[in-house]
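Colleague: Hi! Could you walk me through this model in plain words?
Modeller: Happy to, here it is.

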Amino acid sequence: MDFDRLKQNIIDVVKEEQLKLGYRPEKVRLYYPLSSLNHFFARECDAEQALTLLKDFCAAVKEELGEIAVSSQSERFCFVIPEKGAEYVHEHTLENEFIKELIDAVRVHGCGIDEVIAIFRAHSDRIHVEKLNDGEFDWLIYFEDGLPDSYFYCFTSDEFHTTYHRFLPEDYADFGF
């Protein structure tokens, strides 16, 4: 089985956390619902089947990310990424990435959606920008060709601050926003 997409997502989430909070060589806990794992696996598994696949995943990424511990409670899975994994992400990812620019922008009070769109446009001329009226988010933006990343970004803005949530495209569709 190909675990590249799950591995990349873990790296992306750890990198995002390090950019927001700063790097420390410490354990990181990530939580995934079974539905998201099924998107990574490209198949429908129950919780027990997912745990079996995750044992193979942990073995496959052990050299780079260390010994990941996975536990589950019903259909919610906790990944404990060891210090080695946090260090690997810190040492093997680029410093000047799209996500760094986005985080740096939205942490400044007064950042609006125009600044956010400009950051996306600086990385690609093929972006999807959609005004949402779902009561949850104001804007959906993503890279149409999946580069530099394939996540869907949902933004909420007011006159003082802009925040975002990042989703797998399949998870976004599942939520039905």
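Modeller: Let's start with the naming: helices (H or I, at least four residues) and strands (E, at least two) are DSSP runs, numbered from the N terminus. Please also keep in mind that this is a predicted model.

Colleague: Got it. Let me try those names out: where does Pro-148 lie?
Modeller: Pro-148 is in the loop that runs between β5 (139–143) and β6 (152–157).

Colleague: Nice. Now helices: what span should helix α1 have?
Modeller: Helix α1 covers residues 4–21, which is 18 residues.

Colleague: What comes after α1?
Modeller: Gly-22 follows α1, and the phi of Gly-22 is positive, near 95 degrees. Tyr-23 is in the loop between α1 and β1 (28–33).

Colleague: Is Tyr-23 buried, exposed or partly exposed, and why?
Modeller: Tyr-23 counts as partly exposed because its relative accessibility is 27%. Not counting residues up to four places away in sequence, Tyr-23 touches Gln-18, Ala-86, Glu-87 and His-90.

Colleague: How many residues lie between Tyr-23 and Ala-86 along the chain, I mean how far apart are they?
Modeller: They are 63 residues apart along the chain, with their C-alpha atoms separated by 8.0 Å.

Colleague: Switching topic: at what angle do α5 and α6 pack?
Modeller: Helix α5 (residues 98–106) and helix α6 (residues 113–123) pack at about 165 degrees, and their axes are 10 Å apart. Angles over 145 degrees count as roughly antiparallel, so that is the description for α5 and α6. Their crossing is right-handed.

Colleague: Which residues meet there?
Modeller: From α5 you have Phe-98, Glu-101, Leu-102, Ala-105 and Val-106, and from α6 come Val-116, Ile-119, Phe-120 and His-123. By class, the contact of α5 with α6 has seven nonpolar residues, one polar and one charged.

Colleague: What about α3 and α4, how do they pack?
Modeller: Helix α3 (residues 47–65) and helix α4 (residues 83–92) pack at an angle of about 65 degrees, with axes 9 Å apart. Lys-62, Glu-63, Glu-64 and Leu-65 of α3 make the contact with Lys-84, Gly-85, Tyr-88 and Val-89 of α4. That contact of α3 with α4 divides into three nonpolar, one polar and four charged residues.

Colleague: Last topic, backbone angles. What is phi for Ala-42?
Modeller: Phi of Ala-42 is near 60 degrees, which is positive in a residue other than glycine. Ala-42 sits in the loop between α2 (34–41) and α3, and Ala-42 is exposed, with a relative accessible area of 68%.

Colleague: And where is Ser-74 found?
Modeller: Ser-74 is in the loop between β2 (69–73) and β3 (76–81). Phi of Ser-74 is near 60 degrees, a positive value for a non-glycine residue. At 60% relative accessibility, Ser-74 counts as exposed.

Terms used
Residues numbered from 1 in each chain as written. Predicted model: local features only at pLDDT ≥ 70, side-chain atom pairs only at ≥ 80, totals over all residues. Heavy atoms only, no water. Expected span 1.5 Å × (residues − 1). Axes fitted to C-alpha atoms, helices over the stretch in contact; angles between N-to-C directions. Parallel < 35°, antiparallel > 145°, perpendicular 65-115°, else oblique. Left-handed = near helix turned anticlockwise from the far one by under 90°. Contact = heavy atoms within 4.5 Å. Nonpolar A, V, L, I, M, F, W, Y, C, P; charged D, E, K, R; others polar. Buried < 20%, exposed > 50% of the residue type's maximum accessible area, 1.4 Å probe, protein only.
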